[in-house]
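Please read it with the coordinates open.

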Amino acid sequence: MSKLVRKFKLWFVWQDEQHQQWLQDMAAQGLHLRSTNTFCIHTFERGAPADVAYRWDVRYLRPNAEYKQLFRDAGWELVTSTVGWQCWRKPRAAGASTEIFTQRADNAAKYLRVIRLFALILAAEAAFYWLTPARLEYMEGLAWGMFTGTAAVGLLALAKLSRRIREVQGV
């Protein structure tokens, strides 16, 4: 039997708690996350069942040594990184915190970083549509359709992230 198992699990940033719980459930079944990729393919390594907490953080710039050391000092192990997201894991122990952010503002800041990226992408897309030759008559329908479709998805994501920020802030 292969030691590696691959599973597809689509998740969105505002569903991080559900995704983290899924990873925890996989560890309880003896499947320990080894890596993940942009296409939501998770690679697990078979092992002994364990009670492990998983947490995601987002840093679009390469995380520096100080950032990583802060997590390691708190008992977290960096499992994998993909498109700016870092997945951390830590054995769960009675009475020990399994949160990477103990302050509500820090947890909300994670989602604000994602909102800024979405806003930047939407602004760049709008500029591309309005300022490039793609607005030529033969491309007008296609370009407009692409812009409005991705803008709608982006706005939905912004709304979901805003709601998530209010939840973690207790508002």
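Asp-16 counts as buried because its relative accessibility is 2%. Buried here means under 20% relative accessible area, exposed means over 50%, and partly exposed lies in between, with a 1.4 Å probe and protein chains only. This is a predicted model; local features need pLDDT of at least 70, side-chain atom pairs count only at pLDDT 80 or more, and totals for chains, interfaces and linings use all residues. Residues are numbered from 1 along each chain as its sequence is written, and side-chain values use heavy atoms, with hydrogens and water left out.

What does the side chain of Asp-16 meet in a salt bridge? The partner is Arg-164, at 3.4 Å from N to O. The pair links distant parts of the chain: Asp-16 sits in helix 1, Arg-164 in helix 4, 148 residues apart. A salt bridge is defined as a side-chain nitrogen of Lys or Arg within 4 Å of a carboxyl oxygen of Asp or Glu. Helices (H or I, at least four residues) and strands (E, at least two) are DSSP runs, numbered from the N terminus.

Arg-164 is buried too, with a relative accessible area of 7%. The side chain of Arg-164 also meets that of Glu-17 in a salt bridge, 2.8 Å from N to O. Glu-17 lies in helix 1 and Arg-164 in helix 4, so this pair ties together parts that are 147 residues apart in sequence. Glu-17 counts as partly exposed because its relative accessibility is 47%.

A network of salt bridges links Asp-16, Glu-17, Lys-110, Arg-164 and Glu-167. The structure holds eight salt bridges. Another of them joins Arg-89 and Glu-77. This pair links distant parts of the chain: Arg-89 is in strand 6 (residues 85-91), Glu-77 in strand 5 (residues 77-82), and they are twelve residues apart. Arg-89 counts as buried at 16% relative accessibility, whereas Glu-77 is partly exposed, with a relative accessible area of 41%.

| Salt bridge | N to O distance |
|---|---|
| Asp-16 and Arg-164 | 3.4 Å |
| Glu-17 and Arg-164 | 2.8 Å |
| Arg-89 and Glu-77 | 3.0 Å |

## The chain as a whole

The protein chain has four helices and six strands. From the N terminus on, the order is β-α-β-β-β-α-β-β-α-α. Of the 171 residues, 38% are buried. Contact means heavy atoms within 4.5 Å. Among contacts between residues at least 6 apart in sequence, 62% join residues at least 24 apart. The accessible surface comes to about 10500 Å², and 59% of that belongs to carbon and sulfur atoms. Accessible areas come from the Shrake-Rupley method with a 1.4 Å probe; for residues, only the protein chains shown count as cover.

## Pocket and patch

Which residues lie nearest the centre of the largest pocket? They are Trp-11, Phe-12, Val-13, Trp-85 and Phe-118, out of 25 lining residues. Helix 3 (104-131) and helix 4 (140-169) are the elements that give two or more residues to the lining. Helix 3 supplies the largest share, six residues. The volume of the largest pocket is about 670 Å³. On a 1 Å grid over the protein atoms alone, a pocket is an open set of points where a 1.4 Å probe fits, with protein on both sides within 12 Å along at least five of seven lines; lining residues have an atom within 4 Å of a point. Grid points are joined across faces, edges and corners, and a volume is the space filled by probe spheres set on the points.

Phe-12 also belongs to a nonpolar surface patch with Phe-8 and Leu-10, about 320 Å² of accessible area together. Such a patch joins nonpolar side chains (Val, Leu, Ile, Met, Phe, Trp, Tyr) within 5 Å, from residues with over 30% relative accessible area and no salt bridge. Leu-10 lies in the loop between strand 1 (4-8) and helix 1 (16-28). Leu-10 counts as partly exposed at 48% relative accessibility.

Arg-104 lies in helix 3 and counts as exposed at 51% relative accessibility. Leaving out residues up to four places away in sequence, Arg-104 touches Val-168, Gln-169 and Gly-170.

Most residues other than glycine have a negative phi. Cys-40, not a glycine, has a positive phi of about 65 degrees. Cys-40 lies in the loop between strand 2 (31-36) and strand 3 (41-46), and is buried at 12% relative accessibility. Val-83 has a positive phi of about 35 degrees. Val-83 is found in the loop between strand 5 and strand 6, and is exposed, with a relative accessible area of 56%.

Methods: Patches are made of residues with over 30% relative accessible area and no salt bridge: like charges are joined within 9 Å, nonpolar side chains (Val, Leu, Ile, Met, Phe, Trp, Tyr) within 5 Å.
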